[in-house]
Amino acid sequence: MGKTGSPPNLSDRCATLGRRTVTDVNGEVRVSNPEQLIADFESRMAESQRKAERMVGEIEAVSVSERSKDGQIGVKVDHAGNLVDLEIGLSVRDKPDLAGEILRTVKAAQSKLAAAMRTGVTDPVGPEVMNQLVSRLEQAFPAPEPEGFTPPPASPRDYGDRFVPEEERQAAPAPKPPPRAPRPSSEGHDDDYFSDGDYLR
């Protein structure tokens, strides 16, 4: 008889206890080590964490600077739209509409945050996260109205007619009832009528 292979020793058995067989896409059987799988998973998690931290750092570094049309007012807003820097020229510090001009300049800077976020964040965690972030900034800081724009004043009827259909609001008003005819004079007859008891007949 031919000599068969010797059975595996104890050390070989211990070495294979932590392994499992898996089949790859080509149908080949491979031996995988659970410890290696765990190590790979932890490595991917650590890389995702580092990527998220880089994204947070890039988001917080985003800012927008803007100046008024005459260049006398300069503002800077951070990634959250907060005013972090303000410059006011000497020639406009006594203008009566200075506060309004500062506010318009701040709004103009805030409206550019969404575009600055797309440019400044180069390593987002995922496109869904970036799209949600940009969408929220666009909703929170829309483009300001053009200078000199004033919304039309609301008419006094707007509030009462808010829930009335348009066709009913445009319909002609109902005609007024005709005036009531004057009651004929019954002087000298009322007492006789009630005294005769006709109201009971």
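Student: Which side chain meets Glu66 in a salt bridge?

Tutor: The side chain of Lys112 does, with N to O at 2.7 Å. Bear in mind that this is a predicted model.

Student: Why is the contact of Lys112 and Glu66 called a salt bridge?

Tutor: The N to O distance is 2.7 Å. The cut-off is 4 Å, from a side-chain nitrogen of Lys or Arg to a carboxyl oxygen of Asp or Glu. So the pair of Lys112 and Glu66 qualifies.

Student: What makes the pair of Lys112 and Glu66 a tie between parts of the chain?

Tutor: Look at where the two residues lie. Lys112 is in the loop between helix H3 (98-110) and helix H4 (113-120), and Glu66 is in strand S3. The parts they tie together are 46 residues apart in sequence.

Student: Is Glu66 called buried or exposed?

Tutor: Glu66 has 17% relative accessibility. Buried means under 20%. So Glu66 counts as buried. Lys112 has a relative accessible area of 41%, so Lys112 is partly exposed.

Student: How many salt bridges does a search of the whole structure find?

Tutor: The search finds five. One of them joins Glu47 and Arg50 at 2.7 Å, N to O. Glu47 also meets Arg54, at 3.7 Å. That value is within 4 Å, so the contact of Glu47 and Arg54 counts too.

Student: What are the accessibility classes of Glu47, Arg50 and Arg54?

Tutor: Glu47 has a relative accessible area of 34% and is partly exposed. Arg50, at 42%, is partly exposed. Arg54, at 37%, also counts as partly exposed. Salt bridges that share partners join Glu47, Arg50 and Arg54 into one network.

Student: Where do Glu47 and Arg50 lie?

Tutor: Both are in helix H2 (residues 34-61). They are three residues apart, about one turn of the helix. In an α-helix, residues three or four places apart point the same way, because there are 3.6 residues a turn.

Student: How do you know that the length of H3 agrees with its number of residues?

Tutor: Take 1.5 Å a residue. The 13 residues of H3 should then span 18 Å. The end C-alpha atoms are 18 Å apart, so the two values agree.

Student: What do the buried residues of H3 pack against?

Tutor: They pack against S3, S4, S5 and H4. The buried residues of H3 include Leu98, Glu101, Ile102 and Thr105.

Student: Why is Ser68 called buried?

Tutor: Ser68 has a relative accessible area of 7%. The limit is 20%, so Ser68 is buried. Ser68 is found in the loop between strand S3 (64-67) and S4. Leaving aside neighbours within four places in sequence, Ser68 is in contact with Ile73, Glu101 and Thr105.

Student: What makes the side chains of Ser68 and Asp70 a polar contact?

Tutor: The distance between them is 2.6 Å. The cut-off for a pair of N or O atoms is 3.5 Å, so the value passes.

Student: Why are S4 and S5 called paired strands?

Tutor: Five bridges join S4 (residues 73-77) to S5 (residues 83-88). Pairing needs at least two bridges, so S4 and S5 pair. They run antiparallel, and Ile73 stands opposite Ile88 in S5. The two strands form a hairpin with five residues between them.

Conventions. Residues numbered from 1 in each chain as written. Predicted model: local features only at pLDDT ≥ 70, side-chain atom pairs only at ≥ 80, totals over all residues. Heavy atoms only, no water. Helix = DSSP H or I, 4+ residues; strand = E, 2+ residues; numbered from the N terminus. Buried < 20%, exposed > 50% of the residue type's maximum accessible area, 1.4 Å probe, protein only. Polar contact = N/O pair within 3.5 Å; in protein donor to acceptor, adjacent residues only side chain to side chain. Contact = heavy atoms within 4.5 Å. Expected span 1.5 Å × (residues − 1).
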